[in-house]
Number of protein chains: 2
Amino acid sequence: MTTTTPHTRDRLLDSAERLFAENGVDATSLRHITNDAEANLASVNYHFGSKEELFRQVFARRIGPINQERLRLLDNCEAQGTPSLECVLEAFLAPTLRLRSDPEQGGEHFMCLMGRLFSEPTEWKTILMEEFNEIFQRFSTALQIALPEHAPLDLTWHLFFTIGAMAHLMTAGDLLKTFTQDRCDPADVEGTLRRLVDFSAAGFRGTSRGESP
Amino acid sequence: MTTTTPHTRDRLLDSAERLFAENGVDATSLRHITNDAEANLASVNYHFGSKEELFRQVFARRIGPINQERLRLLDNCEAQGTPSLECVLEAFLAPTLRLRSDPEQGGEHFMCLMGRLFSEPTEWKTILMEEFNEIFQRFSTALQIALPEHAPLDLTWHLFFTIGAMAHLMTAGDLLKTFTQDRCDPADVEGTLRRLVDFSAAGFRGTSRGESP
DNA sequence: GGATGATTCAATCATACGTTTGATTTAAAA
DNA sequence: TTTTAAATCAAACGTATGATTGAATCATCC
């Protein structure tokens, strides 16, 4: 918003995003961030006022476009009449999972950071949830249209499970790759997305067979 | 292992477990812990040597019995011939989810702590994974027996998704309750367990219908 | 009861933290 | 060129951290 902007502010956001993701918010000091960004220690408080506000801005910079993309994809689904379950789920999951292959941006770091936020103490978690409320409501109704015969309460539970699987991919995807000696690789974003969409869709629709052997 | 044990050491473990779960490992200081446990600051380093070792012991105290219970339940499944998918999944999920209703213990705190560990920086995460490796291998083969027609790679992906949903329940279950104004309540442990088992089982078996509308 | 080892305690260590200050540099406006 | 505001800088603020010390206390055994 200033007349001419040196990019110190953006370097701070980039470094903070990466270090928050790699080491956690609490474990990342302003000195780590300013060293990494090759900026003065005081620059954080000059540009952002506090560490908490820096974190909020790191988050706000990315979450808006991501959720916009979610709604855009959902609109695409609904434009062709009653949307399919798979289409709705993909609209929800794709924008975050695709961050992993964000072209030459730090989207991968943000993905990891956002995933971790789900399990962070309440203080930070509420920041995430404020932005998520609208999305949650919007997709809940879309799911009810896609699966009209299911109880709304079931859909809520199932969406919650799906979010859990998504968050786990965001934070521990590299671990899966290590564990399986690269035979499962979340870096194949579209393949991973298809797998998660199919798994969740089957879960939403419910078991197709009886239970006891 | 000493002759007579005052219970300072146990009070430290209990307080650390609770505070680590509520505020995060990094954000919990030894002074918070010792104040809560009504012990002297130096007692942590006397009994455990360091904060990291305290954390390891908090974790080691619980994870062993939990994983033993997992294997016991899995043995129960396999004792009756070829185990059903639901039985195997329940054997995997129940021991952690049931921590929420642990009788007068701090199991709920540990559940939250363990769930967060999945998304914690590598340093702490590896501690979790060392203990998890055997369980992971054991249940992978059990799943292959329960679903012999499925590719092993698919089962690995699906187990990963299931773990994600489980971890999300452990760390953000209270959030689901708040969001739904108590209409979804993870405190109903057996009901929640049944929902997750059914959801995952359907996901494992795959979609029962076509995709496009 | 005195000796011995285990535990607790207050006090302090050096280091790191987020934040603030006031001077200095930079760059656009007059 | 002078003026003015934005931006950067080194230095310090007070507080908190994990760790350590050596004396004091406790319980136990000879």
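Predicted model: local features only at pLDDT ≥ 70, side-chain atom pairs only at ≥ 80, totals over all residues.
Trainee: What makes chain A a helical chain, and in what order do the elements of chain A run?

Mentor: The secondary structure of chain A comes to 9 helices and 0 strands, and from the N terminus on the order reads α-α-α-α-α-α-α-α-α. The C-alpha trace of chain A spans about 65 × 40 × 30 Å along its principal axes, and the accessible surface of chain A comes to about 9600 Å², with 48% of that area belonging to carbon and sulfur atoms.

Trainee: Why is Thr156(A) called buried?

Mentor: The relative accessible area of Thr156(A) is 14%, and buried means under 20%, so Thr156(A) counts as buried. Thr156(A) is found in helix H8 of chain A, residues 152–179, and, leaving aside residues up to four places away in sequence, Thr156(A) touches Phe136(A) as well as Leu176(B), Thr180(B) and Cys184(B) of chain B.

Trainee: Is Arg62(B) buried or exposed, and what is the value for Arg62(B)?

Mentor: Arg62(B) has 11% relative accessibility, and the cut-off for buried is under 20%, so Arg62(B) counts as buried. The place of Arg62(B) is in helix H4 of chain B, residues 51–79, and the residues that Arg62(B) touches, not counting those up to four places away in sequence, include Asp102(B), Gln105(B) and Phe110(B).

Trainee: What makes the pairing of Arg62(B) with Glu17(B) a polar contact?

Mentor: The side chain of Arg62(B) and the side chain of Glu17(B) make this contact at 2.7 Å, whereas the cut-off for a polar contact is a pair of N or O atoms within 3.5 Å. The pair at 2.7 Å is thus counted as a polar contact.

Trainee: Why is Arg138(A) called partly exposed?

Mentor: Arg138(A) has a relative accessible area of 28%, and partly exposed lies in between under 20% for buried and over 50% for exposed, so Arg138(A) is partly exposed. Arg138(A) is in helix H7 of chain A, residues 122–146, and touches Leu71(A), Leu74(A), Asp75(A) and Glu78(A), not counting residues up to four places away in sequence. Arg138(A) and Leu74(A) are 64 residues apart in sequence, while their C-alpha atoms are 9.2 Å apart in space.

Trainee: Which residues come nearest to DNA strand C, and how do you know that Lys51(A) has a polar contact with DNA strand C?

Mentor: Of the 18 residues around DNA strand C, those that come nearest are Leu30(A), Arg31(A), Lys51(A), Thr8(B) and His47(B). An N or O atom in the side chain of Lys51(A) is 2.9 Å from a phosphate oxygen of DNA strand C, and the cut-off for a polar contact is within 3.5 Å, so this pair counts as one.

Trainee: How do the residues of the surface near DNA strand C divide?

Mentor: They divide into 6 nonpolar, 10 polar and 2 charged. Helix H2 (30–36) of chain A and helix H3 (42–47) of chain B each supply at least two residues of this surface.

Trainee: What surrounds DNA strand D, and which element gives the largest share of the surface near DNA strand D?

Mentor: DNA strand D is surrounded by 19 residues, the closest being Thr8(A), His47(A), Leu30(B), Arg31(B) and Lys51(B). Sugar and phosphate account for 55% of the atoms of DNA strand D that come within 4 Å of the protein. The largest share of the surface, 3 residues, comes from H2(B). A backbone N or O atom of Leu30(B) lies 2.7 Å from a phosphate oxygen of DNA strand D, and a polar backbone atom of Asn40(A) is 3.4 Å from a phosphate oxygen of DNA strand D.

Methods. Residues numbered from 1 in each chain as written. Chains lettered and ligands numbered in written order. Heavy atoms only, no water. Near = heavy atom within 4 Å. Polar contact = N/O pair within 3.5 Å; in protein donor to acceptor, adjacent residues only side chain to side chain. Helix = DSSP H or I, 4+ residues; strand = E, 2+ residues; numbered from the N terminus. Nonpolar A, V, L, I, M, F, W, Y, C, P; charged D, E, K, R; others polar. Areas by Shrake-Rupley, 256 points an atom, 1.4 Å probe, with all protein chains shown as cover. Buried < 20%, exposed > 50% of the residue type's maximum accessible area, 1.4 Å probe, protein only. Contact = heavy atoms within 4.5 Å.
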